[in-house]
Amino acid sequence: MENKLVSVVVPVYNAQKTIKRCLMSILNSTYKQLEIIVIDDASIDESFKICQTLSQKFSNIKLFHNEKNKGVSLSRNIGIKNSHGFYIMFVDSDDWLETCHIELLVYEMSRYHNQILPITGYINDDRHFNGLLTEKMFGTDSRVYFIQNDILELYDQTLLQPLWNKIFLNEIIKKNHLVFNEKISIGEDTQFILEYLLYAHFQKFSAINQCSYHYMRDQNDSLMYNVGYEKIDYLVNNLFLLYQLTSLSDKQKKIEIKKRKEKLIENQAYLIFHNAKMSLREKKRLILNLDNGKNLYKQNKKIYYKERIIILLRKIWKRKLVLLFLFIMFHYI
């Protein structure tokens, strides 16, 4: 395997609880030719101090600090600009890597002469919210797929969209001036990946069926809880990029994009209505701005109150069971 330098870009914002775990997992990688580019985006907690301490201890950590909070896309762009690696990859400050993660990706790139997009599986750690820990992999074994044939399935299984289960050729990114869109905060990762694939002209991607990345959903203020503030146009634009990579006819592409756009809008309405931080008035305003918004608002209102009733009935039923259990216990004591 080629021993080329890998640039690992880590944007940081208020991650004092997780950043040390994240950086140490990168430092402990079996692949050692690394430069770790850490960009603190004007954190107001102890994140920057923790990163400073680690950068003083480990010479391959390069630390940058934004004077003002500018967002994750700008921080990643700073990382790209200051990277020197043959390869480049991105890691989120909440997450952590198995020791083999980087080596798996580099090996796969090297094995196919850097003419492929390698993709690992990942562990979706949702225990903070619902106690679930799930593995996400593509297919049942490690193998190579044709992008034209299988990219839609990869997208549907949410293995295309993340940055952190992939590795990229830095030359393609810099030659084509590829950057993250700093004007948006939803869908920007997917846009970056799709544009990269269009520039790279790869024919294949490789699915590595090993869950070597741990995606941690720990924070209540993540985008999953604030969705609804962004224009859906950005997500639809990604669909146009996605379908450029398929072998479908122009007519088929139009039909499929229309279907997917309708589904995106439905999902957007559902997420807006289930956002606990919004008032009902704000939810209504946002949903009515969507295509077919009036019907979507009515549908989601019904769905929401049905769900509330079901949850209430479950609580009542559980309480009854507890009372019944206590009655039986006391009766036979």
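Let's start with Thr 246. It sits in the loop between α10, residues 233–244, and α11, residues 250–273. One caution: this is a predicted model.

Is Thr 246 buried or exposed? It is buried, because its relative accessible area is 6%, and the cut-off for buried is under 20%.

Now its polar partners. The side chain of Thr 246 reaches the backbone oxygen of Tyr 243 at 2.8 Å. A polar atom of that Thr 246 side chain also lies 3.5 Å from the backbone nitrogen of Leu 248.

What does Thr 246 touch beyond its neighbours within four places in sequence? Gln 148, Ile 151, Leu 152 and Lys 253.

Next, helix α12, residues 280–288. Three of its buried residues are Lys 283, Leu 286 and Ile 287. These residues cover an arc of only 95° around the axis, so they are on the same side of α12. An α-helix has 3.6 residues a turn, so residues three or four places apart point the same way.

Last stop, the surface. Which residues form a nonpolar patch there? Ile 309, Leu 312, Leu 313 and Ile 316. Together they have about 370 Å² of accessible area.

Take one of them, Leu 312. This residue lies in helix α13, residues 293–332. Leu 312 has a relative accessible area of 49%. Exposed means over 50%, so Leu 312 counts as partly exposed.

To recap. Thr 246 is buried in its loop. Lys 283, Leu 286 and Ile 287 are buried in α12. Leu 312 belongs to a nonpolar patch on the surface.

Technical notes:
Residues numbered from 1 in each chain as written. Predicted model: local features only at pLDDT ≥ 70, side-chain atom pairs only at ≥ 80, totals over all residues. Heavy atoms only, no water. Helix = DSSP H or I, 4+ residues; strand = E, 2+ residues; numbered from the N terminus. Buried < 20%, exposed > 50% of the residue type's maximum accessible area, 1.4 Å probe, protein only. Polar contact = N/O pair within 3.5 Å; in protein donor to acceptor, adjacent residues only side chain to side chain. Contact = heavy atoms within 4.5 Å. Arc of directions from axis to C-beta. Patch = residues over 30% accessible without salt bridge, like charges linked within 9 Å, V, L, I, M, F, W, Y side chains within 5 Å. Areas by Shrake-Rupley, 256 points an atom, 1.4 Å probe, with all protein chains shown as cover. Salt bridge = Lys/Arg side-chain N within 4 Å of Asp/Glu carboxyl O.
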